[in-house]
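Visitor: Hi, I have a few minutes and a structure to look at. Could you walk me through it?
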Amino acid sequence: MDLHGNVSADMAELADVIVGYDTYPHVDMFERAAEAFELLAGCAEGRIRPARALAHSNMLVVPQGMMTEQGAMKALMERAFEMERTAGVLNVTVAGGFPYSDVADAGMSFIVTTDGDEALASRLAQELCLMAIGFKERFGVSALPPQEAVAAALAAPEGPIVLVEGSDNVGGGAPADATHTLARLTNLPKRALAVICDEAAVKAAVLAGVGGSFRGPVGGRHDELHGLPVELEGKVRLVSDGEYRHVGPYMTGQLAFMGLTAVVQCGNLTLVLTEKRVPPWDLGHVRSLGLWPADYHIILAKSAIAWQTAFGPFAKGIVHVDSPGCCSANLAHFRYGSVTRPVYPLDEGEPRLRLSVFSSPTQLDR
Ligand SMILES: [Zn+2]
């Protein structure tokens, strides 16, 4: 499972084993697949009899607080790895959850699978969950409104500074055409790079052709939440079929398809217009267009965390942007109807752990 899975008691009951990614950005897909397969083979051959405990924290945590290389999440993962070295423990999964799904079981949870030992699974799952509840304030993210974020980036002596616009997180389902920050990137004294999904704009740029002039509205096509279109003017530098192969640590070797793609130079702003929504998970996202991240003082990333596998090695600084959008880190922007209440941080009081424990026999036995 994705590290961002919202795990219900039904899921933990019906699955013999749940194995989730240990990393965010998710760079351990291969290793977790191998682990899951090994456990599945163990079940099929009758070598193991998985008992599962699910401890749900009743906390909604935003992706920006879940990077596994730092902060509270790093501490949770380290404890989980320690537990996995304990005799009888088959797997420990830390599921950060996905706060943008308004479902009963949205939120952070912990699944511990042991070889037939329900008490051990239950004890470890609760320990991790209580540890996470103790960390609740550390999962927050501090962000600046777009204008202030751009000013902060400009003030930095050395770039690239990555402006992280998590509210328009393409991997989370956002439209990739939010303009709250884009509108502040025009007429800057330093070079900036932005990728915007806009089918109509890319067609206009392709029509103008390489060397031709582009003029027209960009972005803000989907709904009002993500801002109004921004009028931009520039010279078309390049037109591409938008295809590239992931060469970095994330989804290595897989192809990405941005559709018809155009690079338009608008003063100091290098604007990449794409036909399809593609998250910035690999350097190929811009490298395939002849662009190099280090050439820019500001890079706008439509992503919460996973942009790190593309631009992380180049970033001299990070500024989180607090803009409206369907993946905003500020959960107060949303109305929830289905999530189990009370839930942190929407409701007051200490989050309360919910525990479910399931024993063998496995599905295969049944
Ligand atoms: Zn994920």
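This is a predicted model: local features need pLDDT of at least 70, side-chain atom pairs count only at pLDDT 80 or more; totals for chains, interfaces and linings use all residues.

Visitor: Okay, switching to the fold. How many helices and strands are in the chain?
Guide: Eight helices and 14 strands. The radius of gyration is 22 Å, close to the 21 Å from the globule rule for 366 residues, so the chain is as compact as a globular protein of that length. Along the principal axes, the C-alpha atoms fill a box of roughly 70 × 45 × 35 Å.

Visitor: Which residues have the most contacts inside the largest nonpolar core?
Guide: They are Met59, Leu76, Met108, Phe110, Leu128 and Phe139, in a core of 34 residues. Strand 1 (50-56), helix 3 (71-84), strand 2 (89-95), strand 3 (109-115) and helix 4 (118-134) each give two or more residues to this core.

Visitor: Which of those gives the most?
Guide: Helix 4, with eight residues. Another core, of 30 residues, lies apart from this one, and Ala205, Val218, Leu300 and Val321 are among its members.

Visitor: Back to Leu128, what does that residue touch?
Guide: Leaving out residues up to four places away in sequence, Leu128 touches Leu76, Arg79, Ala80, Met83, Val92, Val94 and Phe110.

Visitor: Now the backbone. Where are the cis peptide bonds you can show me?
Guide: One runs from Gly159 to Pro160, with omega near -5 degrees. Pro160 is in the loop between helix 5 (146-155) and strand 4 (161-164). Another runs from Tyr344 to Pro345, with omega near 5 degrees, and Pro345 is in the loop between strand 13 (317-320) and strand 14 (354-358).

Visitor: Why point those out?
Guide: Because most peptide bonds are trans, and most residues other than glycine have a negative phi. On phi, Ala176 has a positive value near 65 degrees, and Asn187 has one of about 55 degrees.

Visitor: Is Ala176 buried or exposed?
Guide: Ala176 is buried, at 5% relative accessible area. Asn187 is exposed, at 77%. Ala176 sits in the loop between strand 4 and strand 5 (192-197), and Asn187 lies in the loop between strand 4 and strand 5 as well.

Definitions and conventions. Residues are numbered from 1 along each chain as its sequence is written. Side-chain values use heavy atoms; hydrogens and water are left out. A nonpolar core is a set of buried Ala, Val, Leu, Ile, Met, Phe, Trp, Tyr and Cys residues joined through side-chain atoms within 4.5 Å. Buried means under 20% relative accessible area, exposed over 50%, partly exposed in between (1.4 Å probe, protein chains only). Helices (H or I, at least four residues) and strands (E, at least two) are DSSP runs, numbered from the N terminus. Contact means heavy atoms within 4.5 Å. The radius of gyration is taken over C-alpha atoms; the globule rule is 2.2 Å times the number of residues to the power 0.38.
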